[in-house]
Amino acid sequence: MITKIERRAKIKYRVRNKISGTTERPRMSVFRSNKQIYVQIINDLTGTTLVSASSLGLETCPKKEQAAKVGELIAQKALEAGITTVVFDRNGYLYHGRVKEVADAARNGGLKF
């Protein structure tokens, strides 16, 4: 029987084989824990994180609202850094709930993916 962690690792491997971040279109990677959500914009050619944002330090509110605020924050920071288009990496998570909230908020903030 496959555990949750093994299932996510298989999905993550499959997704990462298809996408990678370049200088023109860096990869926007989402990581969610039980309490927080973290987003990084990464250039895979050089292996550097260009911009990052997380829900650490945000006031306590429902997790979906935190995710939306993180999405807006990453979009704002990315636009300040001159990044307008990204490749979305859901990191093996299903595209719903907090992951979807981050993506929608980033799109509304001006990022294209």
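A pocket, on a 1 Å grid over the protein atoms alone, is an open set of points where a 1.4 Å probe fits, with protein on both sides within 12 Å along at least five of seven lines; lining residues have an atom within 4 Å of a point.

This is a predicted model; local features need pLDDT of at least 70, side-chain atom pairs count only at pLDDT 80 or more, and totals for linings use all residues. Residues are numbered from 1 along each chain as its sequence is written, and side-chain values use heavy atoms, without hydrogens and water.

**Pocket.** I looked up the largest pocket and found a volume of about 330 Å³. Its lining includes Lys4, Arg7, Arg8, Lys12, Arg32, Asn34 and Tyr93. Helix 1 (residues 4-18) gives the largest share, 6 residues. I count the lining as 5 charged, 4 nonpolar and 3 polar.

**Helix 2.** Next I checked helix 2 (residues 63-80), a DSSP run of H or I of at least four residues. Its 18 residues reach 26 Å from first C-alpha to last, close to the 26 Å expected at 1.5 Å a residue. Gln66, Val70, Gly71 and Ile74 are among its buried residues (under 20% relative accessible area, 1.4 Å probe, protein chains only). Their cover includes strands 1, 2 and 3 and helix 3 (98-108). Just after helix 2, I noted Gly82 with a positive phi of about 85°.

**Core.** I then turned to the largest nonpolar core, of 21 residues (buried Ala, Val, Leu, Ile, Met, Phe, Trp, Tyr and Cys joined through side-chain atoms within 4.5 Å). Among the members that touch the most others are Met28, Ile74 and Leu111. The largest share of this core, 5 residues, comes from helix 2.

How values were computed
Points joined across faces, edges and corners; volume = space filled by probe spheres on them. Helix = DSSP H or I, 4+ residues; strand = E, 2+ residues; numbered from the N terminus. Nonpolar A, V, L, I, M, F, W, Y, C, P; charged D, E, K, R; others polar. Expected span 1.5 Å × (residues − 1). Buried < 20%, exposed > 50% of the residue type's maximum accessible area, 1.4 Å probe, protein only. Contact = heavy atoms within 4.5 Å.
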